[in-house]
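Have the structure open while you read.

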Amino acid sequence: MKNVLSNIRKPNSSNRNKKYLCLLLCIVLGTLMGTAAKYFDNTPIIGEVGTNFGIWIFLAALIACYSLGPILAGINVFFFFLSMLFAYYTYTYFLYHFLPISYIQIWFCLTVIGFFSAIITWYGKGLGWFPAFISSIPILFIITEGIPFIYTGIFALLFDFIFAIVLYICFTGSWTQALRLFCCNLIEVLILVFCKIINIF
């Protein structure tokens, strides 16, 4: 199994300092994003983008994509979300002097899920149909969230399409792989439309 995964994408055997630096950057980014998300909570467009799942899936996928290995991808994403939650709810406590425990529990569960999802997503940077399918999943979630922009005109949802395009560029290193990824997403979207899970009209 290990050989099969290595054929998809090989971990980067970098020095320990670089691994710690990447982790530190993820923690700093999470802290800044959590603080900004709370600060702009009720701000038009920026606040709306921060409340959508798209931006968080986008950032987690980027971190996973550029991590040095699959386990490191999981660790980096886990601490990114953990520091984001800590900053967000610490800010909330100082502003309103209360902590919504139920929301914290839900987001912590999503953080744990993010750890395992990032391990899988890391392999989406490889070559072939299987990596294309893996990388199509976070992009599909983002596209699905952004599709209502077509008939609602909610400007914040337009950012989801921008996030999706950036992930396309990051996960594909060739036109062939980009075409594979596009085919995967097209089939997935058509299935969701056919099953009436999403509506594009």
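A residue counts as buried when its relative accessible area is under 20%, and as exposed when that area is over 50%. Keep in mind that this is a predicted model.

**Starting with Cys26**

Is Cys26 buried or exposed? Its relative accessibility is 8%, so Cys26 counts as buried. Setting aside neighbours within four places in sequence, Cys26 is in contact with Ile63, Asn76, Phe80 and Ser83. Now compare positions along the chain: Ser6 is 20 residues away from Cys26, and the C-alpha atoms of the two are separated by 25 Å.

**Cys65 and its surroundings**

Next up is another cysteine, Cys65, in helix α4 (residues 54–66). With 0% relative accessibility, Cys65 counts as buried. Which residues does Cys65 touch, if you skip those up to four places away in sequence? They are Arg9, Trp122, Lys125, Cys170 and Phe171. Gly126 is 61 residues from Cys65 along the chain, yet their C-alpha atoms are separated by 9.7 Å.

**How the helices pack**

Two packed helices are described by the angle between their axes and the distance between the axes.

| Helix pair | Angle between axes | Distance between axes |
|---|---|---|
| α7 and α9 | about 165° | 8 Å |
| α4 and α9 | roughly 10° | within 10 Å |
| α4 and α6 | about 55° | 8 Å |

Let's take α7 (residues 129–146) and α9 (residues 158–171), which pack at about 165°. That angle makes α7 roughly antiparallel to α9. Their crossing is left-handed. On the α7 side, the residues that meet α9 are Ser135, Ile139, Ile142, Ile143, Glu145 and Gly146, and their partners in α9 are Asp160, Phe161, Phe163, Ala164, Leu167, Tyr168 and Phe171. Sort the contact of α7 with α9 by class and you get nine nonpolar, two polar and two charged residues.

Now turn to α4 and α9, whose axes cross at roughly 10°. These two helices are therefore roughly parallel to each other. From α4, the contact uses Gly54, Ile55, Phe58, Ala61, Leu62, Cys65 and Tyr66, while α9 brings Asp160, Phe163, Val166, Leu167, Cys170 and Phe171. The contact of α4 with α9 divides into 11 nonpolar residues, one polar and one charged.

The last pair is α4 and α6, packed at an angle of about 55°. That's why α4 and α6 are oblique to each other. The crossing of α4 past α6 is right-handed. In α4, Ala61, Ala64 and Cys65 meet Ala118, Thr121 and Trp122 of α6. This contact of α4 with α6 has five nonpolar residues, one polar and no charged ones.

**Rings meeting rings**

How many aromatic pairs does the structure hold? There are 14. One of them joins Tyr88 and Tyr89: the ring centres are 5.0 Å apart and the planes sit at 80°, so the pair is edge-to-face. Both Tyr88 and Tyr89 are buried. Elsewhere, ring pairs link Phe78, Phe79, Phe108, Phe115 and Phe116 into a cluster.

Thr92 is in helix α5. Its relative accessible area is 4%, so Thr92 is buried. Leaving out neighbours within four places in sequence, Thr92 is in contact with Lys38, His97 and Phe98.

His97 sits in the loop between α5 (70–96) and α6 (101–122). Although His97 isn't a glycine, its phi is positive, near 60°. Is His97 buried or exposed? With a relative accessible area of 60%, His97 is exposed.

Finally, find Lys196 in the segment after α10 (175–194). Lys196 isn't a glycine either, and its phi is positive at about 60°. Its relative accessible area is 74%, so Lys196 is exposed.

Methods:
Residues are numbered from 1 along each chain as its sequence is written. This is a predicted model: local features need pLDDT of at least 70, side-chain atom pairs count only at pLDDT 80 or more; totals for chains, interfaces and linings use all residues. Side-chain values use heavy atoms; hydrogens and water are left out. Axes are lines fitted to C-alpha atoms, for helices over the stretch in contact, and angles run from 0 to 180 degrees between N-to-C directions. Helices (H or I, at least four residues) and strands (E, at least two) are DSSP runs, numbered from the N terminus. Angles under 35 degrees count as roughly parallel, over 145 as roughly antiparallel, 65 to 115 as roughly perpendicular and the rest as oblique. A crossing is left-handed if the near helix is turned anticlockwise from the far one by less than a right angle, and right-handed if clockwise. Contact means heavy atoms within 4.5 Å. Ala, Val, Leu, Ile, Met, Phe, Trp, Tyr, Cys and Pro count as nonpolar, Asp, Glu, Lys and Arg as charged, and the others, Gly among them, as polar. Rings of Phe, Tyr and Trp (its six-membered ring) pair if their centres lie within 6.5 Å; planes under 30 degrees apart count as stacked, over 60 as edge-to-face and the rest as tilted. Buried means under 20% relative accessible area, exposed over 50%, partly exposed in between (1.4 Å probe, protein chains only).
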